[in-house]
Amino acid sequence: MQADLNFFIENGYWVIPDALAENEVAALNEAIDVDRVEYPQLWQVRGEGGRQQSVAALLSSDAFDGAIRHPSIWPAVEEIMGAELCFEEFSIMVRQAYAGEPLAPSWHRDTAHWPEHAYCVKNLSVVYYLTDVDADSHCFAIVPESVEDKKSAPDQRDGDRGVEVYGKAGTAILFNAASCHAGVVKRSERERRTVHIYYGHRSQPILSNHTLCPRRLLESADSGERAFYSRPNLMTQLVRDNY
Ligand SMILES: O=C(O)CCC(=O)C(=O)O
């Protein structure tokens, strides 16, 4: 773990191969298939050569819950984030097969740096690959940036030094959401599926109102889980308090 943490400190990301077992990947893909058939209206079509995304999957199924605090990633998430760790966002993305002209990746940073934090992380993201990803398929890419560099709040947003991350279905990529990153669309006959989770700190402002968090998680019988979901976004607070 220390070597991986050191890599994270130097580069801002951490890859965990085989984070999900084959049967777990299959179960998630099956739940996605059901969700797309039953609730197509909840899948946003976002262009970018065929990007579809749902931020509502936690509402239609509990099949995704286990990925959020999965034992294969959880020690790393806790180590990086520290004591005030809380839930922010959950979504599923499908990038369809693409036969068009190459698209310029949209390099961006999701959030700000937090220089006062031990690893400069305001929000951590975990991306799970649910399909095999290699040089010929759509992939996640990130510009390596060390904790030391982040302290000077860099704002470069190009992918000149970007690194494409490949891995089998079941791979998890943890990254500082303030790092410059992009989805890279390839000319590919393969669909790519991913789960995207964001983590924050209870003391920090809410990241987004994208994900409505279900009551079964907010009011979990497990005190650790309840603490993790105890700083819901505004939309979740309103639903919890009024409905
Ligand atoms: O992997 C991708 O397709 C894009 C991921 C991304 O941009 C994000 O997680 O903010």
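Me: Which residues sit around the ligand?
Reply: Met-93, Arg-95, Asp-110, Ser-125, Val-127, Phe-140, His-181, Ala-182, Gly-183, Thr-194 and His-196. Each has its C-beta atom, placed from the backbone, within 6 Å of the ligand.

Me: Which elements give two or more residues to that shell?
Reply: β4 (85-95), β5 (124-129), β9 and β10 (192-201). Strands here are DSSP runs of E, at least two residues, numbered from the N terminus.

Me: Which gives the most?
Reply: β9, with three residues.

Me: Before I go on, what kind of model and numbering is this?
Reply: It is a predicted model: local features need pLDDT of at least 70, side-chain atom pairs count only at pLDDT 80 or more, and totals for chains, interfaces and linings use all residues. Residues are numbered from 1 along each chain as its sequence is written.

Me: How does the shell divide into nonpolar, polar and charged?
Reply: Four nonpolar, five polar and two charged. Ala, Val, Leu, Ile, Met, Phe, Trp, Tyr, Cys and Pro count as nonpolar, Asp, Glu, Lys and Arg as charged, and the others, Gly among them, as polar.

Me: Back to β9. Are its residues buried or exposed?
Reply: His-181, Ala-182, Gly-183 and Val-184 are all buried. That takes 20 or more other C-beta atoms within 10 Å of the residue's own, again placed from the backbone. His-181 and Gly-183 point one way, Ala-182 and Val-184 the other.

Me: Which sheet is β9 in?
Reply: An open one of three strands, ordered β7-β6-β9, with antiparallel pairing. Pairing needs at least two DSSP bridges between two strands.

Me: How many bridges hold β6 to β9?
Reply: Four, between residues 139-142 and 181-184. Three join β6 to β7 (residues 163-165).

Me: What stands opposite Phe-140?
Reply: Val-165 in β7. In β9, the bridge partner of Phe-140 is Gly-183.

Conventions
A residue is buried if 20 or more other C-beta atoms lie within 10 Å of its own, exposed if 12 or fewer, and partly exposed in between; C-beta atoms are placed from the backbone.
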